[in-house]
Amino acid sequence: MPLLAIETSCDETSAAVVAGGRVLANVVASQIKLHAEYGGVVPELATREHLKNFPPVARAALREAGVDADQLEAVAATQGPGLPQALMIGCQAAQALAFALRKPFLGVNHHEAHLYSPWIFGTPPAADFGAFQPNVSLIVSGGHTMLVHVEAELRHRVLGATLDDAAGECFDKTAKLMGLLYPGGPELDRLAGEGNAAAFDFPRPMLHEPGDDFSFSGLKTSVRYFLQKNPARADDPQQLRDLCASVQAAIVEVLVGKTVRAAKRLGMRCVTASGGVTCNRALRRDLATACARAGLELRLAEKTLCTDNAAMIGILAERKLAAGVAATPFDAEIAPSWALGAPVSDPAR
Ligand code: KG4
Ligand code: ZN
């Protein structure tokens, strides 16, 4: 029974068609190049792009899946968290379509959907929920860094989150200090591949403190001071690579150390990770090594599903509908600050 899912929480316009745990199509129109000029996501521009991109992206997903709109059994969209105007485009389009088709609409939490992207595998991708295990899940992107205890399907508890900058933000801001273009994370990763991670010693914030929270703004500041004292370092190609490798090592060590520690403390046998920063090669490699050493199974979202996509929205929506979760009203409002695990109607949103 096909379901159309829509994601427009930030700077990716995405539509996916899923059916029976399988992703039939997952089309993503990224706005990265548009925002690069401004060094970050400009909400007004993002909104206009979503408005422009939504119809062709949704049509392409339906065409690729070989599904007509009137065959859809449900429509889902990210209801929150995210940029308000951006959320509004996808959510209201999905609500209007579901209303016109007289099918249920389901608004889902973007972060909850990230928890499911590591379970989407294969060609064509299929959600491998037969192998589902309770896990500790790292969600790490440009906007968020959090550790979640996924106790069972659709049951989860946030263990910790960043107190200031997200890890992706730390990658992007330190990359900018080194003169790399936005978003600097992927370029920093590329340069770090040829650098010496032991060349410079940067702090590992909160790595050895109790609790599962993170903090990355101090690391960014120490890179800033380092470059103020040693401006030539970023101009020399090999020193720049060493700098990238050293900064990356500090971020990755914190993410890996805290994730594995939480999984062991909670007696988990499985760790998962998703979000844009999960594309980082050192993070993927070091999580794999640390999990193997700790006897933990590791499920990483495949790279195309690390960044924001509607496939994960659709897979989660399908699981929810199958579990008997009630449809969301057609006139439900967006929830820009919807905390994972909190009710969508929480006044704090
Ligand atoms: O999930 P995402 O596409 O969007 C949100 O932030 O919600 O994540 C984008 C973030 C950016 O900060 C980007 O620099 C980072 O993920 N990123 C990376 C890599 N690829 C993307 N950071 C480090 N290494 C990478 N290979
Ligand atoms: Zn995301």
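Reader: How do the residues lining the largest pocket divide into nonpolar, polar and charged?
Author: This is a predicted model: local features need pLDDT of at least 70, side-chain atom pairs pLDDT 80 or more, and totals for chains, interfaces and linings use all residues. Residues are numbered from 1 along each chain as written, chains are lettered from A and ligands numbered from 1 in written order, and side-chain values use heavy atoms, without hydrogens or water. Ala, Val, Leu, Ile, Met, Phe, Trp, Tyr, Cys and Pro count as nonpolar, Asp, Glu, Lys and Arg as charged, the others as polar. The lining has 16 nonpolar, 18 polar and 10 charged residues.

Reader: Which helix gives the most to the lining of the largest pocket?
Author: Helix 4 (110-114), helix 5 (167-177), helix 6 (184-192) and helix 7 (217-229) each supply at least two residues; helices are DSSP runs (H or I, at least four residues). The most, 7 residues, come from helix 5.

Reader: Which helix has the largest share of the lining of the second largest pocket?
Author: This pocket, of about 200 Å³, is lined by 15 residues, with Ala-197, Gln-248, Ala-282, Arg-285 and Asp-286 nearest its centre. Helix 6, helix 8 (237-265) and helix 9 (281-294) each supply at least two residues. The largest share, 6 residues, belongs to helix 8.

Note on methods
1 Å grid on protein atoms, 1.4 Å probe; cavity = no way out; pocket = protein on both sides within 12 Å on 5 of 7 lines; lining within 4 Å. Points joined across faces, edges and corners; volume = space filled by probe spheres on them.
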